[in-house]
Amino acid sequence: MNRIAVFILIILSSCGKKEAAEKNHIEGKDSLVQNIEIHTQQEEDTASIPFSQSLKENGYVYTLKGLESSNGAINFKSINIFYRNKLHQKIIFDTVAVLNEREVVFNVDKDANFDGFNDVELINWAGNYAYSSSFWLYNQKTKKYDYYKPLDTIQNIKIDTGKREITSDYHIGPVNTYSKTYQWKNGKLLMMSAHIEEEGDVIRMYRKNGKIIVE
């Protein structure tokens, strides 16, 4: 019996040492992975530099902030709006990016809804022949800026304060062209007319008595 007991103790001791060795090996691998992740993260952080652009208008200072990567691409993070050197409003986003600084469209001197107050414009997409912008419209009651999503999809936007209308002219490929006009009605932006040429076909659209007519 004594021999058997000693034999069992030896086996148990051997198993314990094996488990401890395996545990140390796994912990070593986890530590190595963590070190690689930390090192990679540090490399990514140092590869980007802060990007900033400031504008002054309406008594406010508007500062666009983001990160510029080593290849020149810029990821926008926020627009900080200051009034009398104090932060008045912060607009945050994390999905807006451009390939280089030449594509940056950032304006605070356009009145997109023709209410007499200038609004904030920031590019949200850029292509070879077209781009579109996001707009935050000035709210007279809160004295802050409200995001107006319907403006996001209007390509190559032009704001005509004289006619109080917004126009969009762009093309896709050599033969497909689009021309549209928009107007504000009761606080909403509506498409009033469109002239579309696609693959040789011409479509004309216009609004009459609140309805879109297609010809």
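## A turn to start with

In the hairpin of strand 11 and strand 12, 3 residues lie between the strands, and Gly173 takes a positive phi near 75°. Strands here, like helices, are DSSP runs numbered from the N terminus (E, at least two residues, for strands; H or I, at least four residues, for helices). The model you are looking at is predicted, so local features need pLDDT of at least 70 and side-chain atom pairs count only at pLDDT 80 or more, while totals for chains, interfaces and linings use all residues. Residues are numbered from 1 along each chain as its sequence is written, and side-chain values use heavy atoms, with hydrogens and water left out.

## The whole chain

The protein chain has 1 helix and 15 strands. Of its 215 residues, 31% are buried; buried means under 20% relative accessible area, exposed means over 50%, and partly exposed lies in between (1.4 Å probe, protein chains only).

The accessible surface of the chain comes to about 14700 Å², and carbon and sulfur atoms hold 53% of that. Such areas come from the Shrake-Rupley method with a 1.4 Å probe, and for residues only the protein chains shown count as cover. Now look at contacts between residues at least 6 apart in sequence: 28% of them join residues at least 24 apart. A contact means heavy atoms within 4.5 Å.

Follow the order 10-11-12-13-14-15 and you trace an open sheet of 6 strands with antiparallel pairing. Strand 10 (157-160) and strand 15 stand at the edges with a single partner strand each, so one side of each has no neighbour in the sheet. On average, neighbouring strands of this sheet are turned by 20° against each other, direction ignored. Axes are lines fitted to C-alpha atoms (for helices, over the stretch in contact), and angles run from 0 to 180 degrees between N-to-C directions.

Two strands pair if DSSP finds at least two bridges between them. Strand 11 (residues 165-172) is joined to strand 12 (residues 176-185) by 7 bridges, and Thr167 has Thr181 as its bridge partner in strand 12. Strand 12 also pairs with strand 13 (residues 188-198), over 9 bridges in the antiparallel sense. There, Gln183 stands opposite Leu190, and in the hairpin, with 2 residues between the strands, Asn186 takes a positive phi near 55°.

## The edge and its patch

At strand 15 (residues 211-214), which holds Val214, 4 bridges make the antiparallel link to strand 14 (residues 201-208). Arg207 has Ile212 as its bridge partner in strand 15.

Ile203, Ile212 and Val214 make a nonpolar surface patch of about 220 Å². Patches are made of residues with over 30% relative accessible area and no salt bridge; nonpolar side chains (Val, Leu, Ile, Met, Phe, Trp, Tyr) are joined within 5 Å, and like charges within 9 Å. Val214 itself is exposed, with a relative accessible area of 54%.

Side chains of opposite charge can pair when their charged atoms come close. Here the side chains of Glu121 and Lys110 meet in a salt bridge (3.2 Å, N to O). The two are 11 residues apart and link distant parts of the chain, with Glu121 in strand 7 (residues 119-126) and Lys110 in strand 6 (residues 106-110). The rule asks for a side-chain nitrogen of Lys or Arg within 4 Å of a carboxyl oxygen of Asp or Glu. Glu121 is buried, with a relative accessible area of 0%, whereas Lys110 is partly exposed at 26%.
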